[in-house]
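Work through the exercises below with the sequence and coordinates open. Try each task before reading its solution.

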Amino acid sequence: MSKINILIVGAAGRMGQSLIQEIVADKDLVLMAAIDHKTSDKLGRDAGEAFGILTGIKIDHDISKVISSADVLIDFTRPEASLEYLKLCEAHRVKHVIGTTGFSDQEKQKILNASKNIPIVFAPNMSVGVNLLISLVEKATYALKDEFDIEIIEAHHRRKIDAPSGTALRLGEVIAKASGRDLKKVAQYDRSGNKGERKEATIGFSVIRGGDIVGDHTVLFAGSGECIELTHKASSRATFAKGALRAAKFLSHQKTGLFDMQNVLGLSSK
Ligand code: NAD
């Protein structure tokens, strides 16, 4: 099998750096370019400098020179940046792994539209464990939905800009679907003030931000006389990076279509 040429955008970021570290250790992948925003103070530095490995690839801001040689672009940036990269991927027929979170419904529609021309993996959480959690939560919801109140609790580091996390929202969507509800109608994001008793069939979200927490998610099924908690805790970004690289390898066999990590990991059929 020939090696897969990977282009990283957001290369100077927390996830970008974790991805580069994993790529240099992977015999099937080649880091062919590392791109970050034109204002990044890391431009011109070797992409592996921060973790002590010289990759021979410098962090640059000009993607136009390299995009057409990429097989897969891996993108953990910001929604507005990812949508620009999506257009470039479509124009150059480059496969796109999107790990960025915080897209509006309208923006998600653009990703779906582009997937008619190129294959895309789009997942708010690329860790194997979280995707197993999603499957377990779906099963638990089918079993418990009528008698248990369902709450989603998430915690992340102080620099995360969107809330609730993309993973918490994904869990909410899965629970809503498995219990025949519409998340837009039943999601409860705020309980401050005198909002009264918990309304039946709502799905509550609680958010914690602090320190360097990589990402914790708990789904609480609270019944009368018993509670069940399903929890995932990420202790390293490597778990997301490894998942993103599995997604890149998965895409190398796809021509078009929108996939999530459930597809990549074989937890659902498509
Ligand atoms: P970060 O702020 O550390 O890194 C983002 C990087 O993107 C920065 O270096 C920034 O300069 C760069 N950037 C911004 N605009 C750009 C542009 N136009 N072109 C190129 N680079 C650009 O953030 P992070 O912690 O690495 O997270 C990035 C995104 O990934 C967030 O949306 C986060 O929620 C998401 N995330 C997803 C997963 C997952 O598994 N899907 C896991 C962790 C984080």
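**Exercise 1.** Does Arg14 count as buried, partly exposed or exposed, and why?

*Solution.* The model is a predicted one. Start with location: Arg14 is found in helix H1. Next, take the relative accessibility of Arg14, which is 42%. Buried means under 20% and exposed means over 50%. Arg14 therefore counts as partly exposed. Now list its contacts, leaving aside neighbours within four places in sequence: Arg14 touches His157, Arg159 and Arg237. Finally, check Phe76. Arg14 and Phe76 are 62 residues apart in sequence, and their C-alpha atoms are 9.0 Å apart in space.

**Exercise 2.** Describe how H1 and H7 pack.

*Solution.* Two packed helices are described by the angle between their axes and the distance between the axes. H1 covers residues 14-24 and H7 covers residues 238-251. The angle is about 60 degrees, and the axes are 9 Å apart. The crossing of H1 past H7 is right-handed. Then name the residues. H1 contributes Met15, Ser18, Leu19, Glu22 and Ile23. H7 contributes Ala238, Phe240, Ala241, Lys242, Ala244 and Leu245. Sort the residues of this contact by type: 8 are nonpolar, 1 is polar and 2 are charged.

**Exercise 3.** Where does Tyr189 lie, and which residues does it contact?

*Solution.* Tyr189 sits in the loop between strand E8 (187-188) and strand E9 (203-209). Its relative accessible area is 46%, so Tyr189 is partly exposed. Beyond neighbours within four places in sequence, Tyr189 contacts Pro164, Leu169 and Phe205.

How values were computed. Residues are numbered from 1 along each chain as its sequence is written. This is a predicted model: local features need pLDDT of at least 70, side-chain atom pairs count only at pLDDT 80 or more; totals for chains, interfaces and linings use all residues. Side-chain values use heavy atoms; hydrogens and water are left out. Axes are lines fitted to C-alpha atoms, for helices over the stretch in contact, and angles run from 0 to 180 degrees between N-to-C directions. Helices (H or I, at least four residues) and strands (E, at least two) are DSSP runs, numbered from the N terminus. A crossing is left-handed if the near helix is turned anticlockwise from the far one by less than a right angle, and right-handed if clockwise. Contact means heavy atoms within 4.5 Å. Ala, Val, Leu, Ile, Met, Phe, Trp, Tyr, Cys and Pro count as nonpolar, Asp, Glu, Lys and Arg as charged, and the others, Gly among them, as polar. Buried means under 20% relative accessible area, exposed over 50%, partly exposed in between (1.4 Å probe, protein chains only).
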